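I opened my notebook to record what I looked up in this protein. My entries follow the structure below.

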Amino acid sequence: MIKLSNIFSDYMVFQRDTEENVIWGYAKGSVSVLLQKAQKEAQLEAQIEAQIEAEDKETEAFEEKVEADENGYFEVKLPKHPAGGDFSLTIWDDDAEKQTIEHITFGDVFVCGGQSNMELPIARTMERYAEEIKSTDNMNIRFFRVPEKFNFHNTEEMIESGSWKYAKMPEILDFGAVAYFIAKEISEKENVTVGIYNTAIGGTPVKSWVSEETMRGLGLHVKEFEECQNDEWVQETQKREQAEDMAWREDADKSFEVDLSSRPSGTFNVPGFFEGTPLGGKCLAVYFKKEFELPAGWDKEEVKLYLGAIIDSDKVYVNGEYVGETGYLYPPRIYKVPKGLLKEGKNVVEIRLLVFRREGGFMPGIGKHYMLKRPDGETVSLAGEWEYTVAKEMPFIENMTFFSYKATGVYNCMIYPLRRVKNKGFFFYQGESNVDDYATYKDEFEAVIKDWRRLWGDDSLPFMFVQLASFNDGNRAGYYGRRCLLTEEQRKCTELPNTAMIQAYDLGEFNDLHPTNKKEVGRRAALAAEDLVYGRSKYIPGPEKKDVIFGQAADGKGENEASDELEAEVIFDDSIKLILSHAIDALIEEDRDETKVIGFCYWKDEKSFAADAELAGDNRVKVKYPKDAEAISYAWSDSPLDANVYSEDLLPVVPFYVSISAKEL
């Protein structure tokens with residue numbers, strides 16, 4: 001009996017130009033491995049070679065027979081091969097059991113990891129990229145989604161489910177969007193097939209991706225890990241919490257089926273949060289209704305209903321017909337309204353909204369929210385006053401325990417089983433779940449980088465990671481939090497060799513934890529790969545400050561003379577020319593001022609205030625601040641989307657905070 005990891009499946013990609021690719025698995029007795037070119041390709045090459053009488057004729061097939069060891073393990077190394085080819089792989093044992101894998105090729109292989117912004121599928125970005133994606137049929141971009149799994153007892157050898165796919169509809173909709181656009185950029189620049197292993201799981205903190213040995217060495221999360229080794233407790237917790245969650249939802253859903261005429265009701269202005277209103281501070285099942293008028297013609301085509309992100313869960317009906325639902329708070333809701341459902345005159349949208357954690361509402365923000373939109377672009381706003389009725393005030397229910405978030409569990413069975421896969425490097429996008437634990441992030445993330453490199457036996461493997469994008473729960477007030485402290489810890493991790501940081505703060509959306517501008521993330525990540533992987537050009541994440549000169553009087557007086565306002569000169573690298581701009585395909589305010597430097601602040605009493613600033617040459621910015629200011633900063637907030645200083649190749653200035661006494665945070 002032959003047992004192979006599921007990474008050995010149709011459309012697999014092996015790393016080109018190396019003698020370290022292996023076929024491995026478990027069997028009894030002897031095992032034969034045959035790698036040969038697909039028949040059509042072999043025939044075509046034979047014809048070409050006969051015509052040109054090639055002297056260095058490539059081997060048409062590779063075959064080797066090995067004995068499995070006492071544990072049943074076998075391994076066969078493949079010969080070095082350049083990019084390309086369409087191969088089949090056949091493996092058989094003494095009992096003549098045979099497994100055949102088709103359409104294998106050689107190219108460049110990468111492992112991607114992290115949490116939701118690396119996992120986010122193309123399907124969630126179709127509002128931006130629909131035309132491009134629908135027309136894609138590209139065998140040079142291939143993807144293996146490593147199935148989610150945890151194990152707190154031991155490392156595992158096998159990936160037991162999943163399969164390779166290539167970029168075409170509808171399979172492409174499940175590809176991680178960041179990973180896809182990275183692969184697309186690299187494939188086009190290098191003229192090579194790119195194979196991606198995506199291991200990312202939404203919500204995972206960095207501790208999920210490190211080994212037990214390293215975790216114990218750090219002295220972090222050990223108690224949590226050992227608690228999770230109690231299988232009975234883990235299974236009981238999962239079973240109980242799932243039953244409680246299901247019962248809660250069923251109870252809430254039933255509350256909408258009774259006569260609500262005697263329940264508390266009122267009006268609410270959408271979008272907005274429930275805090276400070278009669279709906280605030282409560283767990284609820286609450287019914288919302290919006291009546292509106294439509295002219296003739298809206299029944300002729302399918303229409304889209306945009307509702308933004310709703311906190312927490314919703315089921316939506318148009319004119320009494322169900323059109324969609326979302327069971328958690330993050331995704332902006334976009335539902336299709338079938339042709340013929342809308343009508344001339346009065347129409348109604350109804351929402352059955354569930355609030356789990358006493359903090360409900362309709363997320364405000366930039367973008368296509370709270371409206372109906374026809375294919376021709378005509379819209380009807382649904383913002384404004386909605387009627388509501390409280391169906392039932394519900395009990396508070398704790399968040400479910402996600403064991404994939406616990407220390408080491410997913411490393412053991414999603415990263416470790418890939419260690420024999422020869423690859424060109426790693427792309428990582430994670431950090432949202434560590435914002436409140438920023439103090440230990442550098443130690444933990446550097447441990448991940450070292451662990452993965454050690455696992456693959458190569459301390460120089462490129463490790464390229466994305467900084468967090470902007471986000472602050474849809475609130476412009478309370479602009480400064482801990483997000484920038486976490487991103488600063490991420491920046492410090494570039495002190496490790498062969499690492500690169502890809503900035504994304506300008507690609508975020510302050511009201512969406514999962515911004516959809518993943519194509520620009522992919523472009524920037526591919527620029528990092530051009531340097532670390534392919535050695536073609538030096539990568540910089542964006543202009544970084546070299547020095548800050550404080551104390552120049554803005555009115556021309558000396559520092560010790562009477563002056564209410566001083567000036568700092570921020571100096572960047574000599575090779576960089578600064579411009580005022582915004583990110584490619586960024587979602588920005590329509591009235592954004594692109595002629596004035598925005599993003600610099602001065603600080604007093606731990607509060608930030610916008611500072612006047614101006615470009616003072618190709619690589620210098622002058623920043624004004626009051627004499628009693630304590631620090632100046634750039635893009636130092638949870639959501640610095642207004643910041644507008646870039647390099648000429650549209651990479652944003654790296655955020656910084658520096659005290660006036662030159663003691664940096």
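What radius of gyration would a compact globule with 665 residues have, and what does the protein have? I found that such a globule would be near 26 Å, and the protein has 28 Å, which agrees. (The radius is taken over C-alpha atoms, and the globule rule is 2.2 Å times the number of residues to the power 0.38.)

I noted the ground rules next. This is a predicted model, where local features need pLDDT of at least 70 and side-chain atom pairs count only at pLDDT 80 or more, while totals for chains, interfaces and linings use all residues. Residues are numbered from 1 along each chain as its sequence is written, and side-chain values use heavy atoms, leaving out hydrogens and water.

**Entry: the whole protein.** I looked up the secondary structure and found eleven helices and 37 strands. (These are DSSP runs numbered from the N terminus: helices are H or I with at least four residues, strands are E with at least two.) The C-alpha trace spans about 80 × 75 × 55 Å along its principal axes. Of the 665 residues, 54% count as buried. (Buried means under 20% relative accessible area, exposed over 50%, partly exposed in between, with a 1.4 Å probe and protein chains only.)

**Entry: two helices.** I checked α4 (residues 177–190) against α11 (residues 518–532). They pack at an angle of about 50°, with axes 8 Å apart. (Axes are lines fitted to C-alpha atoms, for helices over the stretch in contact, and angles run from 0 to 180 degrees between N-to-C directions.) α4 and α11 are therefore oblique to each other. (Under 35 degrees is roughly parallel, over 145 roughly antiparallel, 65 to 115 roughly perpendicular, and the rest oblique.) In α4, the residues that meet α11 include Phe 181 and Ile 182; in α11, Ala 525 and Leu 527 are among those that meet α4. (Contact means heavy atoms within 4.5 Å.)

**Entry: Asn 140.** I found Asn 140 in strand β9 (residues 137–145). Asn 140 is partly exposed, at 36% relative accessible area. Leaving aside neighbours within four places in sequence, Asn 140 touches Ser 187, Val 192, Thr 193 and Val 194.

Entry: Most residues other than glycine have a negative phi, and most peptide bonds are trans. I looked for exceptions. The bond from Met 169 to Pro 170 is cis, with omega near 0°. Pro 170 lies in the loop between β10 (164–168) and α4. Ala 635 has a positive phi near 55°. At 4% relative accessibility, Ala 635 counts as buried.
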